[in-house]
Amino acid sequence: MATMQAGSGAPRPRTRLLEDERWLAFFLLMPTLILLGLFIAYPFAKGILLSVTNTRVGVPGDYVGLAIFEKIWNDGIFREAAWNTILYTAVTTVFKLALGLWLALLLNRHFRGKAFIRAFILLPFIIPTVLSTFAWKWMFDPTFSVLNWMLREIGVIDQRINWLGDPDLAMGCIIAVNVWRGVPFFAITLLAGLQTISPELHEAAAIDGANARQRFIHVTWPLLLPVTMVVVLFSVIQTFADFQLVYVLTEGGPANATHLFATYAYQIGVRTGLLSEGAAISLAMFPVLFLVVIFQLLYIRRVETR
Amino acid sequence: MLRVTRRNLLKISGTGVVAAGTGGLAGILATGIAPAYAQQKTVHWLRWNDFVPASDELLRKSLLLEAEKALGIKVNFETVNGNDLQPRITAGIQSGAGPDLIMLFNNHPHLYLASLADLSDVAEAVGKAQGGFYDISKGNCSSGGKWMAMPFGIIGAMLAYRKSWFEEVGYKTFPKTWDEYRDAGKKLKAKGRPIGQTMGHSFGDPPTFSYPYLWSFGGAEVDESGKKVVVNSKAAIDSVKFMVDFWKDAHDEGGLAWDDSSNNRAFLSGTICSTLNGASIYIASTRKPEQYQTEKGGLMKDDILHAPLPAGPAGQFGFHTFQSHVVPSYSKNQDAAKAFLTWLHTDANYEKWFTSQKGFSTGITASWEKHKMWGEDPVMTPYAVAGRLGRIPGYPGPTGPKAAEVLSKYIVTDMYAKAIQGMPAEDAVKWCENELVKVYQT
């Protein structure tokens with residue numbers, strides 16, 4: 001390089017913009033930046049602007065500071081929705097992790113039809129949530145529930161179970177459907193993590209006399225932990241902001257008993273037209289999700305710098 | 001190979017078409033007037049999936065084609081679930097684009113008042129031609145002398161009930177009071193035939209039951225001025241206490257999770273004895289009589305009758321789901337939408353839709369009460385006067401955006417639903433009061 005430059009005298013001027021790595025990087029990042037700006041940053045900024053005004057549908061509002069946040073803080077349904085969201089996220093995440101890990105360990109074994117079963121297991125995750133949730137809605141139907149029919153036929157119940165009409169059962173139903181839908185994501189991702197663990201480590205531990213449980217606790221789990229953390233954090237973010245599953249299954253009912261932040265924001269902002277309140281309810285998710293993201297980034301950095 | 005330049009194309013088209021005396025591309029550009037086929041207006045009309053599918057079929061296959069011929073307006077007809085109409089108009093207004101003509105329920109037009117075109121000219125002409133609107137038409141669709149919505153139809157809400165089953169428990173005529181209705185329901189529930197009542201978040205049956213029920217006990221959300229919240233009263237607490245026992249004794253407890261179609265399915269499958277309903281249950285049973293049969297093998301249609309909601313200590317009330325159409329002010333086709341509405345509401349055209357409803361929707365003016373259709377089937381006759389008897393949410397105060405907000409949030413319905421779920425009656429009413437105060441006094 002030095003010889004070439006010496007031969008031609010001065011360095012050759014860059015005539016093409018994209019030959020400059022900085023510009024190239026900028027152009028390559030541009031589509032992502034535009035998408036993030038349009039679909040994430042702009043709605044987010046718009047949401048903040050709406051939440052500090054008293055805007056209703058079709059009526060531009062005035063600046064009211066934090067009055068809307070104060071209003072929703074004193075709203076009993078909002079508090080119920082906040083509690084529901086935390087409960088829903090916590091319970092589903094624990095079950096999804098436990099069942100997902102179990103499934104991943106099973107799928108990591110050698111058996112006939114492994115490829116087929118692995119593909120099949122993804123079905124709940126692949127089917128659009130709205131479609132699969134409608135199927136569940138029919139199964140939980142107050143009058144024609146196939147689950148009730150089945151339980152009655154085998155003699156477990158003599159009266160219909162009010163799956164979606166009882167507040168606790170309805171919450172149990174949305175949790176069950178979320179777990180059903182989310183387990184494949186955990187299983188497949190954790191399976192990928194399991195497959196990166198060298199069998200030699202297990203063999204060495206076995207030679208040293210470790211039994212299966214000890215090998216899992218002292219070999220598998222520590223090596224799987226980074227992947228597990230990332231999967232859990234992604235899942236927490238998605239579950240915390242869940243909308244479609246609850247909207248289709250219960251619409252937040254009965255009597256607001258299963259509202260999450262997103263469904264309640266939709267009811268208030270879009271259905272009733274109180275845009276500022278809807279935006280404020282949505283933004284209430286932000287501090288929690290922000291902490292989750294910070295935690296995630298710090299953890300990933302720690303793993304990378306090990 | 002023939003090479004056509006832009007200049008040549010303009011020349012050729014101009015020459016040829018000028019010769020034909022009709023314009024052409026050059027002619028069009030020169031005059032600045034679009035040819036007739038491009039001038040055809042299009043109106044995007046959004047309605048719900050009608051509970052009487054034959055009416056949507058009539059619109060799609062015949063009436064809209066006639067409108068296109070008569071007015072030169074193409075109507076793009078879209079139907080959605082009734083619960084999705086409000087989200088669609090909110091999205092339209094905020095984005096400044098969407099359907100040109102939107103159906104709304106009840107007093108919802110008040111929520112969008114600032115963003116709706118004035119339809120006074122259309123409404124006043126129709127009202128005048130058809131002998132004047134019902135009071136509920138005015139209440140739901142006008143504000144300050146301006147019609148922001150054009151009334152379209154009133155879905156009468158009455159109890160559809162199984163005549164033979166009520167007779168079996170000693171009620172030759174339908175119960176007149178809530179006490180009698182509870183007694184009959186209790187006896188029927190014991191036989192596995194409970195009353196079915198939707199008490200979820202759905203635009204139709206839950207509010208059309210819970211509002212008149214509250215009024216019949218003497219309760220109300222606000223006073224006559226429409227400003228003071230008065231729900232926390234002995235009457236309201238009594239109504240809630242009664243409802244809790246009534247629900248346990250006589251109702252299908254799945255009703256808390258029902259929507260507006262769940263009770264239709266339950267009734268038609270023979271699992272409930274009575275339910276508040278537009279006449280869609282009965283109409284479905286007459287359209288496919290062989291499909292819907294009683295447990296004894298008879299036709300279910302012959303065992304269905306209709307009755308108004310029973311009376312409470314303060315009297316007998318009704319609330320009938322109201323349909324209207326609005327033209328959002330963002331629409332660039334307001335004139336075409338208004339022209340279409342005017343055409344649709346001429347006696348001859350409206351009558352086609354009205355009769356296709358078979359009584360599910362009554363007319364918006366008293367003149368439709370006299371239509372010969374009401375004489376065809378005595379089971380449907382009680383619906384004819386629904387427009388005269390119904391009240392509007394906000395009663396006894398005037399309706400408006402606050403009452404519409406309360407309706408949209410299902411506050412009154414939820415007061416009962418919460419108590420049914422175990423909240424003490426006093427607390428449920430107090431909760432309702434707090435929610436109402438937030439709406440009315442902020």
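Biologist: How confident is the predictor in chain B, and what is its mean pLDDT?

Modeller: Remember that this is a predicted model. Residues 9–24 of chain B have a pLDDT below 50. Where pLDDT is low, the predicted coordinates should not be read in detail. Across chain B, 91% of residues reach 70 or more, and the mean pLDDT is 90.

Biologist: Which helix of chain B gives the most to the side that touches chain A?

Modeller: The contact takes 20 residues from chain A and 29 residues from chain B. On the chain B side, helix 5 (85–95), helix 12 (262–268), helix 18 (401–408) and helix 19 (411–420) each bring at least two residues. That side of chain B divides into 11 nonpolar, 12 polar and six charged residues. The one that gives the most, with five residues, is helix 5 of chain B.

Biologist: What is the radius of gyration of chain A?

Modeller: Chain A is built with 15 helices and zero strands, and its C-alpha atoms fill a box of roughly 95 × 70 × 30 Å along the principal axes. Buried residues make up 34% of its 306 residues. A compact globule of 306 residues would come out near 19 Å, but chain A has 26 Å.

Biologist: And what share of the residues of chain B is buried?

Modeller: Chain B holds 20 helices and 11 strands. Its C-alpha atoms fill a box of roughly 90 × 55 × 45 Å along the principal axes. To count as buried, a residue needs 20 or more other C-beta atoms within 10 Å of its own. Of the 442 residues of chain B, the buried share is 52%.

Biologist: Why is strand 3 of chain B largely enclosed by the rest of the structure?

Modeller: Leu101(B), Met103(B) and Phe105(B) point one way from strand 3 of chain B, while Ile102(B) and Leu104(B) point the other way. In a regular strand the side chains alternate between the two faces of the sheet. Strand 3 (residues 101–105) is largely enclosed because its buried residues number five of the five.

Biologist: Which residue of strand 10 stands opposite Ile102(B)?

Modeller: Strand 3 of chain B pairs in the parallel sense with strand 1 (residues 41–48) over two bridges, and there Trp45(B) stands opposite Leu101(B). With strand 10 (residues 321–326) of chain B, strand 3 pairs in the antiparallel sense over four bridges. In strand 10, the residue opposite Ile102(B) is Val326(B).

Note on methods
Residues numbered from 1 in each chain as written. Chains lettered and ligands numbered in written order. Predicted model: local features only at pLDDT ≥ 70, side-chain atom pairs only at ≥ 80, totals over all residues. Contact = placed C-beta atoms within 7 Å. Nonpolar A, V, L, I, M, F, W, Y, C, P; charged D, E, K, R; others polar. Rg over C-alpha atoms; globule rule 2.2 N^0.38 Å. Buried ≥ 20, exposed ≤ 12 C-beta atoms within 10 Å, placed from the backbone. pLDDT = per-residue confidence, 0-100. Pairing = 2+ DSSP bridges.
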